[in-house]
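Please keep the sequence and the model at hand while reading.

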Amino acid sequence: MNQRSATMRASSNQLQPRDRAKLAAQIRAARAVLNWSQTELAARTSLTQHTICRLEQGGASMRAATAAAISTAFAQAGIQIEDTPDGGFSLAISGPLLPEAEAEREDG
């Protein structure tokens with residue numbers, strides 16, 4: 001039933017406004033889980049922080065290569081973005097990612 005995000009795979013110049021908003025939310029949510037700044041995601045994708053900001057605001061068009069770079073960065077960090085049947089999305093978080101977050105809370 002789960003499928004990788006078609007929104008993330010499509011270039012945003014082909015996306016409707018609702019899908020651009022969904023893409024922006026996907027990027028923000030995945031970054032939040034990873035506790036990454038826009039600058040960190042930009043460095044991991046060879047994009048600029050300004051580009052990440054514009055994507056997260058839903059205002060930038062996105063080429064397929066950009067979507068692939070972002071998706072790959074999240075996947076390498078243990079995050080998969082999956083579409084849900086109701087038009088939303090979910091984040092699938094790999095197990096090894098979770099103990100790190102728990103250790104940070106215990107240390108902090």
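## A buried salt bridge between helix and strand

Lysine 22 and aspartate 83 are both buried, buried meaning under 20% relative accessible area, exposed over 50% and partly exposed in between, with a 1.4 Å probe and protein chains only. The two residues form a salt bridge in which the closest N and O atoms are 3.1 Å apart, the term standing for a side-chain nitrogen of Lys or Arg within 4 Å of a carboxyl oxygen of Asp or Glu. Because lysine 22 belongs to helix H2 (residues 17–34) and aspartate 83 to strand S2 (residues 79–83), the pair ties together parts that are 61 residues apart in sequence. Helices (H or I, at least four residues) and strands (E, at least two) are DSSP runs, numbered from the N terminus.

The model is predicted, so that local features need pLDDT of at least 70 and side-chain atom pairs count only at pLDDT 80 or more, while totals for chains, interfaces and linings use all residues. Residues are numbered from 1 along each chain as its sequence is written, and side-chain values use heavy atoms, with hydrogens and water left out.

## The other salt bridges

A search of the whole structure finds 3 salt bridges. In one of them glutamate 56 is paired with arginine 31, with 2.5 Å between the closest N and O atoms. This pair links distant parts of the chain, since glutamate 56 is in helix H4 and arginine 31 in helix H2, 25 residues apart. Glutamate 56 and arginine 31 are both buried.

Another salt bridge joins the side chains of arginine 44 and glutamate 40, at 2.7 Å from N to O. Both of these residues lie in helix H3, where they are 4 residues apart, about one turn of the helix. Arginine 44 counts as partly exposed because its relative accessibility is 47%, and glutamate 40 counts as partly exposed at 31%.

## Where H3 meets H4

The axes of helix H3 (residues 38–45) and helix H4 (residues 49–56) come within 8 Å and cross at roughly 110°; axes here are lines fitted to C-alpha atoms, for helices over the stretch in contact, and angles run from 0 to 180 degrees between N-to-C directions. H3 and H4 are therefore roughly perpendicular to each other, a label for angles of 65 to 115 degrees, whereas those under 35 count as roughly parallel, those over 145 as roughly antiparallel and the rest as oblique. On the H3 side the contact is made by Gln38, Thr39, Leu41, Ala42 and Thr45, and on the H4 side by Gln49, Ile52, Cys53 and Glu56, contact meaning heavy atoms within 4.5 Å.

Alanine 42, found in helix H3, counts as buried because its relative accessibility is 4%. Leaving aside neighbours within four places in sequence, alanine 42 is in contact with Leu47, Thr48, Gln49 and Ile52. Between alanine 42 and cysteine 53 there are 11 residues of sequence separation and 9.5 Å in space, C-alpha to C-alpha.

## The protein as a whole

The protein has 6 helices and 3 strands, and from the N terminus on its elements run β-α-α-α-α-α-β-β-α. Of the 108 residues in the protein, 35% are buried. Among contacts between residues at least 6 apart in sequence, 57% join residues at least 24 apart.
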